[in-house]
Amino acid sequence: RQSHPPHHGGSPPVSSASPCRALSTRRQLYEKDFPVYKQPVEVGSFSLDGERRFFNDARQMRYFVKPHPRPNFDLRDGYKDRFVKRDDGVKEKLDHILRWILANRSKLQSSVSAASSSPALGVDIVTWRGHLTKLLTTPYETQEGWLLAATLFRGTLYISEVETEASRHDRDNRTERHEEMMYWGYKFEQYLCADDIKGSPNPVGVVNTNEAFCTVVQTKLADHKLLFSGEVDCRDGGPEAPAAPACYIELKTSAEICTPKQRSNFHRFKLLKWWAQSFLPGVPRIVAGFRDPDGLVVGTETIQISKISHLIKNEYNCWKPTVCMNFCCEFLSFVRTVVREDNPRVVHLFSWDPHQDVTYSVHRDTTYCFLPPWYVEGMAS
Ligand code: A3P
Ligand code: MG
Ligand code: MG
């Protein structure tokens, strides 16, 4: 099954002859030089409040407060009585980013050349950082597939995720333990973040996962001009802190590492996801909390994103950043080759399952359409 794509006509990864029907995800095909990835530049930010309402400002920004070297954070505290959980059955698609684009259109377009061939927005691709993270990890993913919907509108390709049947099933069948453990990461954030630059964390407050601060960054992957947004956990508020996104800090929790096998698994699986998520927007460091099975954080560690490739060097048969980036780049090229019709009512649905190729189907005027009328009309005026 890992051998060369036998299905869908058996063409190589991106064949130059006739439009490709499939894209291979075999790692070996992507072991090439690291593609050019421009330093991401923050072009703006937005906030979502406790009721998931959009604000074109940084009101939800939080400030990192250095923890005690041996903290005793109880991540289970408040799960029953001080937790407001976001409704993950509500699919927001790209709506918040589109709102941000409409509100900040002049900023973006001011940098666009007059050349008529360039897209109206001045970028080739608009998406969420999380969707790109999934693309980066695809060559190493063996458990979960994905569905990505793509629409070309005014020369810009919009990419939005569609929930798979399997993911929907998992979401509907989570154990109580799993539900609680999903809270732990947010509780960890509360122990380390203050709402004000000179404030302190408030561990007796409510954890509300509707709240978010999102950065919007622009960058270039080879010849793809990207605009994407991603949630940011907090920033370094110190006087020496660099400008965004270099001042941002990603917070993570993971099980305490007690054996060489656990360390190896941490490097091989967890650091792949952590690296991909933060590398994309140019967030330089992660503060990780290691917890015991009862949800007590027994230690914290700062991990520099730039040092992750060294950390994993001694692992046998480990993931490679270049494979991740080259696959993502080839996928974007593939999508841009396939999606030619500039029409907000047309969706190309790209589908991938582990050990298979990426394939696609075309949908016209269906529920897959994700560019809302207010955006299409707003861009026309
Ligand atoms: P951890 O990162 O400590 O696991 P993020 O790290 O991206 O800022 O996300 C914050 C928290 O949301 C995570 O904390 C985890 O608790 C929860 N979370 C994020 N993505 C998740 C996913 N795919 N499944 C389950 N929980 C998730
Ligand atoms: Mg986060
Ligand atoms: Mg986090």
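Helix 3, residues 129-137, is largely enclosed by the rest of the structure, because seven of its nine residues are buried. The model is predicted.

**Helix 3**

- The buried residues of helix 3 are Arg-129, His-131, Leu-132, Thr-133, Leu-135, Leu-136 and Thr-137.

**The magnesium ion that is ligand 3**

- Which residues coordinate the magnesium ion (ligand 3)? They are Asp-233 through OD, Glu-250 through OE and Leu-251 through O, at 2.0 to 2.2 Å.
- Along the chain, the donors of this ion follow the spacing D-x16-E-L.
- Asp-233 lies in the loop between strand 13 (224-231) and strand 14 (234-235), while Glu-250 belongs to strand 15 (residues 248-255), so the pair ties together parts that are 17 residues apart in sequence.
- Are Asp-233 and Glu-250 buried or exposed? Both residues are buried.
- For Asp-233 the relative accessibility is 3%, and this residue therefore counts as buried, the limit being under 20%.

**The magnesium ion that is ligand 2**

- The magnesium ion (ligand 2) is coordinated by Glu-231 through OE and Asp-233 through OD, at 2.1 to 2.3 Å.
- Asp-233 bridges this ion and the magnesium ion (ligand 3), and the two ions lie 3.6 Å apart.
- Glu-231 has a relative accessible area of 30%, so this residue is partly exposed.

**Ligand 1**

- The residues around ligand 1 are Met-182, Gly-185, Tyr-186, Glu-189, Glu-231, Asp-233, Glu-250, Leu-251, Lys-252, Thr-253 and Gln-277.
- By class, this shell holds five charged, three polar and three nonpolar residues.
- Helix 5 (176-192) and strand 15 each contribute at least two residues to the shell.
- Asp-233, which coordinates both magnesium ions, also has a polar side-chain atom 3.1 Å from an oxygen atom of ligand 1.
- Glu-250 likewise places a polar side-chain atom 3.1 Å from an oxygen atom of ligand 1.
- At Gly-185 a polar backbone atom is involved, and its distance from an oxygen atom of ligand 1 is 3.4 Å.
- How much of the accessible area of ligand 1 does the protein cover? On its own, ligand 1 has 530 Å² of accessible area, and the protein covers 63% of that area.

**Asn-104**

- Asn-104 sits in the loop between helix 1 (95-103) and helix 2 (105-109).
- The relative accessible area of Asn-104 is 6%, so this residue is buried.
- What does the side chain of Asn-104 reach? At 2.7 Å, the side chain of Asn-104 reaches the backbone oxygen of Trp-100.

**Gly-238**

- Gly-238 is placed in the loop between strand 14 and strand 15.
- With 30% relative accessibility, Gly-238 counts as partly exposed.
- Gly-238 and Ile-197 are 41 residues apart in sequence, and their C-alpha atoms are 8.3 Å apart in space.

How values were computed. Residues numbered from 1 in each chain as written. Chains lettered and ligands numbered in written order. Predicted model: local features only at pLDDT ≥ 70, side-chain atom pairs only at ≥ 80, totals over all residues. Heavy atoms only, no water. Donors = N, O, S within 2.8 Å, 3.2 Å for Na, K, Ca; no water. Helix = DSSP H or I, 4+ residues; strand = E, 2+ residues; numbered from the N terminus. Buried < 20%, exposed > 50% of the residue type's maximum accessible area, 1.4 Å probe, protein only. Near = heavy atom within 4 Å. Polar contact = N/O pair within 3.5 Å; in protein donor to acceptor, adjacent residues only side chain to side chain. Areas by Shrake-Rupley, 256 points an atom, 1.4 Å probe, with all protein chains shown as cover. Nonpolar A, V, L, I, M, F, W, Y, C, P; charged D, E, K, R; others polar.
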